[in-house]
Amino acid sequence: RSLWGLEGSNWEELLPKLKRQGFDGIEASLTDINWPDVDKFVQLAKLNKMEFICGLYTSWDDYNTPWERKPVKQHLQQLEQQLQCALHLRLRLEEQFCRINVHSGSDDFTIEESIDFFGEGTR
């Protein structure tokens, strides 16, 4: 279950409720799980055996913040920083960490910017 559109993040109530509703995991952004203060989330995700898909974004800080035009270099820097956070979460969550869903680049990139972004971003 994506947390997109859900209000609040009271993990003590939300994770057991979603488990009872038949969900095996959640997809959430770093902001959703209160990065970098993730101790409570990690503990409750493990306790409730909820898988975690980590949503990363480069055109904005989070899906509920304003979009902004950024140069390719900033997209790549933000992606690298967020991937480091996701790696940290992977080590903390162990088998509960499922995958990463990256919303990267920008629909308004020129062809040249797209080539630069994907050329550098896949190294």
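**Note on the packing around helix 2**

1. Helix 2 (residues 39-47) packs against helix 3 (residues 72-93) at an angle of about 45°, their axes lying 10 Å apart, where axes are lines fitted to C-alpha atoms over the stretch in contact and angles run from 0 to 180 degrees between N-to-C directions. That makes helix 2 oblique to helix 3, since angles under 35 degrees count as roughly parallel, over 145 as roughly antiparallel, 65 to 115 as roughly perpendicular and the rest as oblique.

2. This is a predicted model, in which local features need pLDDT of at least 70 and side-chain atom pairs count only at pLDDT 80 or more, while totals for chains, interfaces and linings use all residues. Residues are numbered from 1 along each chain as its sequence is written, and side-chain values use heavy atoms, with hydrogens and water left out.

3. Asp39, Phe41, Val42, Ala45 and Lys46 of helix 2 meet Leu89, Arg92 and Leu93 of helix 3, contact being heavy atoms within 4.5 Å. By class, the residues of this contact of helix 2 with helix 3 are 5 nonpolar, no polar and 3 charged.

4. The axes of helix 1 (residues 11-20) and helix 2 come within 10 Å and cross at roughly 30°, and that makes helix 1 roughly parallel to helix 2. Trp11, Glu12 and Leu15 of helix 1 make the contact with Lys40, Phe41, Leu44 and Ala45 of helix 2.

5. Asparagine 48, in the loop between helix 2 and strand 2 (51-57), is buried with a relative accessible area of 13% (buried means under 20%, exposed over 50%, partly exposed in between, with a 1.4 Å probe and protein chains only). Leaving aside neighbours within four places in sequence, asparagine 48 is in contact with Leu15, Pro16 and Lys19.

Notes
Helix = DSSP H or I, 4+ residues; strand = E, 2+ residues; numbered from the N terminus. Nonpolar A, V, L, I, M, F, W, Y, C, P; charged D, E, K, R; others polar.
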